[in-house]
Amino acid sequence: MLKDSILLKVENLVTSFSTENGRIRAVDDISFELREKQILGIVGESGCGKSVTALSILRLLPKPSGIIESGKIFFKHTDILRLPPEKMHSIRGNRISMIFQEPMTALNPVHTIGKQLEEIFHLHFPNMPKKQIRDESVELLQKVGIPDPESRMNEYPHQISGGMRQRVLIAIALAAKPDILIADEPTTALDVTIQSQILDLMIQLQKETGMAIIFITHALGVIAEICDDVVVMYAGKVAETAPVKQLFKEPKHPYTKGLLASIPRLESPRKKKLSIIKGMVPSLYELPQGCRFQNRCPDAMEICSTRPPSLKRVADDHFVSCYLY
Ligand SMILES: Nc1ncnc2c1ncn2[C@@H]1O[C@H](COP(=O)(O)OP(=O)(O)OP(=O)(O)O)[C@@H](O)[C@H]1O
Ligand SMILES: [Mg+2]
């Protein structure tokens with residue numbers, strides 16, 4: 001039974017793809033929880049399995065190559081991996097919404113902003129009168145900080161800036177008043193000022209709506225700005241998970257320490273070189289026995305090459321998969 005405050009629980013999820021060169025496990029036995037009203041960050045380098053985790057939760061993996069091999073994903077008290085497709089369909093979009101990684105491809109270039117938003121309202125609330133759909137669409141655009149929303153309704157995606165397009169996508173994701181919003185790198189394509197405006201908007205919307213957010217990014221700096229808790233992923237596994245403050249104060253996993261050392265800080269002297277983690281992420285086709293970080297780890301020991309370390313509790317809500325602990 002789940003604790004009442006837990007909205008989503010991912011348990012031992014394994015997701016794999018069949019490829020020309022064999023089957024690879026993009027996500028390999030990961031577990032984490034999302035509580036009500038929480039903003040949970042998932043962070044890690046490109047290819048570590050962040051988007052695949054999100055797509056697994058929504059059961060939107062590319063078919064037929066991507067499959068969930070094992071694990072459970074509880075939404076409230078239901079294991080959504082066991083739901084028939086039509087039930088899953090109503091959870092997706094309605095209860096769990098997602099903002100996808102590529103904002104350009106997510107909007108339809110031949111329809112106005114208004115039409116796309118109204119369609120979503122119509123889909124989720126088929127009995128809502130047209131006038132009300134129009135009003136709610138305008139109100140939602142206003143809420144996500146789009147100036148002069150009435151006239152924006154009649155514009156096409158290419159007529160507005162990248163930052164505004166991202167706001168429209170957030171509006172579309174919010175139309176159904178979801179319990180969970182999954183935002184996959186929603187700010188990566190934007191310049192820094194716009195990025196921080198969008199982050200502020202997400203925090204504000206979380207407070208107003210009470211929804212929980214899973215925020216996916218490769219930047220720990222972004223995590224520090226908006227998240228309550230964080231899951232650090234490495235090569236398809238969870239390396240460490242903790243409340244954000246705790247992770248920044250007492251990082252445990254050598255990979256997390258390396259990531260933290262590579263965040264530029266205002267106070268650090270200009271000349272001091274940012275440390276970057278040496279070496280390469282192992283290919284999913286040639287994973288080492290044991291810990292996947294061993295070839296880059298400054299603290300690697302003999303045991304690290306025997307079998308993968310499991311996730312161990314080192315403090316309240318702080319878990320790390322490393323033989324040092
Ligand atoms: N459709 C697919 N077919 C085969 N392999 C895939 C497919 N989609 C993803 N992968 C592989 O799964 C792994 C995880 O990919 P994923 O997209 O989750 O990474 P990510 O952490 O989101 O990276 P990024 O930060 O670049 O978005 C990668 O090695 C990727 O090549
Ligand atoms: Mg991704």
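Predicted model: local features only at pLDDT ≥ 70, side-chain atom pairs only at ≥ 80, totals over all residues.
**Exercise 1.** Find which residues come nearest to ligand 1, and work out which elements and residue classes make up the shell around it.

*Solution.* H1 has the largest share, with three residues. Finally, sort by class: the shell holds ten polar, six nonpolar and one charged residues.

**Exercise 2.** Locate Val 238 and decide whether this residue is buried or exposed.

*Solution.* Begin with the place: Val 238 sits in strand E10, which covers residues 237-243. Now count: 26 other C-beta atoms lie within 10 Å of Val 238. A residue is buried at 20 or more, so Val 238 is buried. Then check the contacts: leaving out residues up to four places away in sequence, Val 238 touches Ile 30, Ser 31, Phe 32, Val 231, Met 233, Leu 311 and Ser 321.

**Exercise 3.** Describe how helix H4 and helix H5 pack.

*Solution.* First take the geometry: H4 (residues 113-124) and H5 (residues 130-143) pack at an angle of about 115 degrees, and their axes are 9 Å apart. The handedness of this crossing is right-handed. Now the residues: Gly 114, Leu 117, Glu 118, Phe 121 and His 122 of H4 meet Ile 133, Arg 134, Glu 136, Ser 137 and Leu 140 of H5. By class, this contact comprises four nonpolar, three polar and three charged residues.

Technical notes. Residues numbered from 1 in each chain as written. Chains lettered and ligands numbered in written order. Near = placed C-beta within 6 Å. Helix = DSSP H or I, 4+ residues; strand = E, 2+ residues; numbered from the N terminus. Nonpolar A, V, L, I, M, F, W, Y, C, P; charged D, E, K, R; others polar. Buried ≥ 20, exposed ≤ 12 C-beta atoms within 10 Å, placed from the backbone. Contact = placed C-beta atoms within 7 Å. Axes fitted to C-alpha atoms, helices over the stretch in contact; angles between N-to-C directions. Left-handed = near helix turned anticlockwise from the far one by under 90°.
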